[in-house]
Amino acid sequence: QVQLVESGGGLVQAGGSLRLSCAASGRTFSRYAMGWFRQAPGKEREFVTSISWSGDSTYYADSVKGRYTISRDNAKITVYLQMNSLKPEDTAVYYCAASVSGFPKYDYWGQGTQVTVSS
């Protein structure tokens, strides 16, 4: 069982930055990939970014490439999402997820954290 708790969301003006954190439970955190997803009101949940268990490989949705950076600290069993140059269309609930059984499946999800970008 893996538990994920996101934090760091909030209200920010367009062009600003936020850093989300996802704290994980469990001793095997370093063995599985992690991802961030988001869901805007009235829209389906969409992939944002992912990172391999080692941190060597990362993937980004085109909409956030060059603005967002995913990273992880296996010692702190935490994954981060640095979001820069935020746009109003980035407004959504952001979820972190753990891929324990392997890509492309994500087995465990956090409760989400709200990010609101004002214009």
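User: How many disulfides does a search of the whole structure find?

Analyst: This is a predicted model, in which local features need pLDDT of at least 70, side-chain atom pairs count only at pLDDT 80 or more, and totals for chains, interfaces and linings use all residues. Residues are numbered from 1 along each chain as its sequence is written, and side-chain values use heavy atoms, with hydrogens and water left out. A disulfide is a pair of cysteine sulfur atoms within 2.5 Å. By that criterion, the search of the whole structure gives a count of one.

User: Which strands hold C22 and C96?

Analyst: C22 and C96 form the disulfide, with sulfur atoms 1.9 Å apart. Strands are DSSP runs of E with at least two residues, numbered from the N terminus. The two cysteines lie 74 residues apart, in distant parts of the chain: C22 in strand β3 and C96 in strand β9.

User: Is C96 buried or exposed?

Analyst: Buried means under 20% relative accessible area, exposed over 50%, and partly exposed in between (1.4 Å probe, protein chains only). The relative accessibility of C96 is 0%, and therefore C96 is buried.

User: Which residue's backbone oxygen does the side chain of S99 reach?

Analyst: S99 belongs to strand β9, which covers residues 92-99. S99 is buried because its relative accessibility is 3%. Leaving aside neighbours within four places in sequence, its contacts (heavy atoms within 4.5 Å) are Y32, A33, K105, Y106 and D107. At 2.8 Å, the side chain of S99 reaches the backbone oxygen of K105.

How values were computed: Helix = DSSP H or I, 4+ residues; strand = E, 2+ residues; numbered from the N terminus. Polar contact = N/O pair within 3.5 Å; in protein donor to acceptor, adjacent residues only side chain to side chain.
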